[in-house]
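Hello,

Here is the structure for you to look at. Please open it first, then read my notes below.

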Amino acid sequence: MKLRTTYILALGLITIGMTACKKDFLQRDPQTEITEGSFFQSPADLETYSNGFYRYLSPSYSDINSDNIANYNADGEVDLLVRGGLSSANASGWGKADWEALRRINFMLDHIPQVKGDPALIRHFVGIARFFRANFYFEKIKKYHNVPWFSKTLTADDPALMKGQDPRALVADSVLSDLNYAAENIKPDGTNTRVTKWAALTLLSRFALHEGTFRKYHDEIQLSGDYQRFLDAAIVASAKIMKDGGFSITNTGKGGLDYRDLFASANLTANKEVIMLADYSKELGLGNNSHTVLDYTWSLSRNLADTYLKTDGTPFTSSPGYDTKVYTEVFADRDPRMMETIINPAFRGASTLDEPYRIKPTLGGYNQIKFYPRSADLRQGWELNYTDLPIFRYAEVLLINAEAKAESGTIGQADLDQTVNLLRARVKMPSMNVGVALDPVLSATYPNANASNRALLLEIRRERRVELACEGRRFDDLMRWKSGKLFQDSQQGMYVPALGAMDVTGDGQPDIAILASPNDESAIAGLPAAVREKLSKYYLKDKDGKDQNFYLSKGTSGFIAFTRDRDQPRIFMEPKYYYRPIPISEMVVNPQLKQVFGW
């Protein structure tokens, strides 16, 4: 059954009950058809109502707002943050609409005592509700640190309406309690378009790893003495999935193609790696927008591209001259996941399967192709792409298990073989060993990484970055590792040896040209006229001498960089920028609310 069609009825019922309400959002009672006496009578009613919660859990197919992205446009809250444009006066995220999901979830939980039927089935749907409540609060903790915990809908005279934030420790423990209940009571069987026991355990693993590492590395929240139990919870939950879930890493021997198929396939419902997915279908008129990963407003960063290992398992950054390799050279002998994530000279499929694709240096050159639907039948326009998108996949579970054990100092070779090395085997990369040498580039990237096996921990972080690239996890990773200073870096694109024509399709013939300006094309003057006419031309300055959106880091050569980053430098203030401000308007309404860490 399709993910969204299953809750259309529920959304209709919820809308009937919610739209007429005028009181405060935390205490309004649904009216008309959804009432205490007439609706919540059976497990079937719980299923219908809880189907409406699924819109709160969506897949991601980009890493916008992280160092995996090279972006010249203003895009997102983090860009506003690092350029000093965010304040409590213009912040959003604490208003009525931002808490509405919680009220709807709690409304169902409040009415559980009146439901009659199979107790196990009732507990299943209670688990579903508590799963979504936990996910709601997980997002709030990440953003605001301390937040008020509400476990029920509130009446108009309830003093809790005007209370301040509860401590993070209390809220995190409440989230953990909700997820433990969900994992214990949600049924293990059912379609992977719905929340199952395994989805609950995956969210539990994700939350526990996040909270454990956040506490370990963020001394400002004064919880560093209580992080290990969260890492232990992540280990136990992920191990339960590994032992009993029946999932496996997709590996048919096709290497990179097996990896690609997870993100560009019409149907993932039978895929044993996908724990939960968003199911899209042309027949049902349900589409996504995944084609926008290519040539929309961003490309991927040189920093990400440099992270992929060579096929012999050694760092690309340890190769002599790695930082002057041109576009057609950087993909040679690299981890196959790189060519399935970043556009490369072999890429075909943007219009026809036979037409070479010309990259656009205005975006940096390293365009994203992970999640890009290859077949034209699956890619038909805005919100008209029909590829299934993973929400939870088994690869993340394995990486959570490995990282939690590495942070705990308990990881061994057998653990690597059961986790990271299954991912490497899929793409025919050498295994990771516990005695791996410390990579100085990774060491400089994460100077505060702290574990007895630091070199191994950093390699697991590398593996997590490349395996989960563009799946929306990178921003949270940098935040929990206290690596926010990386947001200051102005991300770059491909290397350009000199102004002039370049081959970017690998056929030995020039395809594009980067030139000084429309008034100065001297760099290609020596080429035959027929060749010049076919070039796609890009200029550092316009005809009036004004800078374009990109430049070269060394003037007439170097890495593609963006004028906006040069002219408006990024700054990341610690610890303030690890959190977001409560809008000042909300603090006027409720003086009990307190700002966090300098806001």
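**Arginine 580 and its surroundings**

The side chain of R580 reaches the backbone oxygen of Y577 at a distance of 2.8 Å. Keep in mind that this is a predicted model.

Where in the chain is R580? R580 sits in a loop. That loop runs between α19 (563-567) and α20 (584-589).

R580 also has a side-chain partner. A polar contact of 2.9 Å links the side chain of R580 to that of E77.

Is R580 buried or exposed? The relative accessibility of R580 is 5%. Buried means under 20%, so R580 counts as buried.

Which residues touch R580, if we set aside neighbours within four places in sequence? Start with E77, V78, L81 and L86, which are among them. K143 and Y144 are also in contact with R580.

**A three-stranded sheet**

Now turn to the sheet formed by β6, β7 and β8. The sheet is open, and its 3 strands come in the order β6-β7-β8. The pairing is mixed.

Why is one side of β6 and of β8 left without a neighbour in the sheet? β6 (500-502) and β8 (536-539) stand at the edges. Each has a single partner strand, so one side of each has no neighbour in the sheet. On average, neighbouring strands here are turned by 25 degrees against each other, direction ignored.

How do β6 and β7 run? They run antiparallel, and 3 bridges join them. β7 covers residues 512-515. To find one of these bridges, look at M502: its bridge partner in β7 is I512.

**The whole chain**

Finally, zoom out. The chain holds 20 helices and 10 strands. Its radius of gyration is 25 Å. The globule rule gives 25 Å for 599 residues, so the chain is as compact as a globular protein of that length.

The C-alpha trace spans about 85 × 55 × 55 Å along its principal axes.

How much of the chain is buried? Of its 599 residues, 58% count as buried. The accessible surface comes to about 23200 Å². Carbon and sulfur atoms account for 52% of that surface.

One more number concerns contacts between residues at least 6 apart in sequence. Of these, 71% join residues at least 24 apart.

Best wishes

Conventions:
Residues numbered from 1 in each chain as written. Predicted model: local features only at pLDDT ≥ 70, side-chain atom pairs only at ≥ 80, totals over all residues. Heavy atoms only, no water. Pairing = 2+ DSSP bridges. Helix = DSSP H or I, 4+ residues; strand = E, 2+ residues; numbered from the N terminus. Axes fitted to C-alpha atoms, helices over the stretch in contact; angles between N-to-C directions. Rg over C-alpha atoms; globule rule 2.2 N^0.38 Å. Buried < 20%, exposed > 50% of the residue type's maximum accessible area, 1.4 Å probe, protein only. Contact = heavy atoms within 4.5 Å. Areas by Shrake-Rupley, 256 points an atom, 1.4 Å probe, with all protein chains shown as cover. Polar contact = N/O pair within 3.5 Å; in protein donor to acceptor, adjacent residues only side chain to side chain.
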